[in-house]
Amino acid sequence: MPAKNHLSQEQKERLLKTLKEHENPYVREKILIILLINDGKTYQEISNFLDVAYPTVAYWAVHGDPDNLESFLDGRREGNFRKMNRV
């Protein structure tokens with residue numbers, strides 16, 4: 001688990017700005033996970049507070065890069081374009 005206050009002031013400001021402005025709720029949730037970890041909350045506390053699975057919190061704690069906001073995006077934003085057609 002990252003140490004409390006591991007984010008620089010610039011990273012924190014960028015994440016807070018994105019948290020307020022981003023339209024995708026999944027991205028906002030991931031950013032909130034990183035910010036709560038930075039405040040010293042445990043994975044279990046974050047999991048209970050946000051009502052998300054513990055492994056989700058642990059995954060984004062490791063894979064969420066505060067310097068690369070694109071790391072918070074996943075395939076869900078691309079939509080469901082692959083449909084099976086009957087032949």
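**View 1. Helix H4 has three buried residues: Val-57, Trp-60 and Ala-61.** Buried means under 20% relative accessible area, exposed means over 50%, and partly exposed lies in between (1.4 Å probe, protein chains only). Helices are DSSP runs of H or I with at least four residues, strands are E runs of at least two, and both are numbered from the N terminus. Seen down the axis of H4, the buried residues fall within an arc of 110°, so they line one face of the helix. The arc is taken over the directions from the helix axis to the C-beta atoms. These buried residues pack against H2 and H3. Contact here means heavy atoms within 4.5 Å. What sits on the face turned away from the buried side? The exposed residues Pro-55 and Val-62 are there.

**About the model.** This is a predicted model: local features need pLDDT of at least 70, side-chain atom pairs count only at pLDDT 80 or more, and totals for chains, interfaces and linings use all residues. Residues are numbered from 1 along each chain as its sequence is written, and side-chain values use heavy atoms, with hydrogens and water left out.

**View 2. The chain is built from 4 helices and 0 strands.** Along the sequence the pattern reads α-α-α-α. Of the 87 residues in the chain, 30% are buried. The accessible surface comes to about 6400 Å², and carbon and sulfur atoms hold 50% of that surface. Accessible areas come from the Shrake-Rupley method with a 1.4 Å probe; for residues, only the protein chains shown count as cover. Now take the contacts with a separation of 6 or more: residues 24 or more positions apart account for 54% of them.

**View 3. The largest nonpolar core holds 17 residues.** A nonpolar core is a set of buried Ala, Val, Leu, Ile, Met, Phe, Trp, Tyr and Cys residues joined through side-chain atoms within 4.5 Å. Which members touch the most other members? They are Leu-15, Ile-33, Ile-46 and Phe-72. Helices H2 (25–38), H3 (43–50) and H4 (54–63) each give two or more residues to this core. H2 supplies the largest share, 7 residues. In soluble globular proteins, nonpolar side chains tend to be buried together.

**View 4. Phe-72 touches residues from several places in the sequence.** Leave aside its neighbours within four places in sequence. Phe-72 is then in contact with Leu-15, Val-27, Lys-30, Ile-31, Ile-34, Trp-60, Gly-64 and Asp-65.

**View 5. Glu-10, Arg-14 and Asp-67 form a network of salt bridges.** A salt bridge is a side-chain nitrogen of Lys or Arg within 4 Å of a carboxyl oxygen of Asp or Glu. Glu-10 meets Arg-14 at 3.0 Å, N to O. The two are 4 residues apart in helix H1 (residues 9–21), so about one helical turn separates them. Glu-10 is exposed at 55% relative accessibility, while Arg-14 is partly exposed at 26%. Asp-67 also meets Arg-14, at 4.0 Å, N to O. This pair links distant parts of the chain: Asp-67 lies in the segment after H4 and Arg-14 in helix H1, 53 residues apart. Asp-67 is exposed, with a relative accessible area of 53%.

View 6. An α-helix has 3.6 residues a turn, so residues three or four places apart point the same way. Is Glu-21 buried or exposed? Glu-21 is exposed, at a relative accessible area of 54%. The whole structure has 3 salt bridges.
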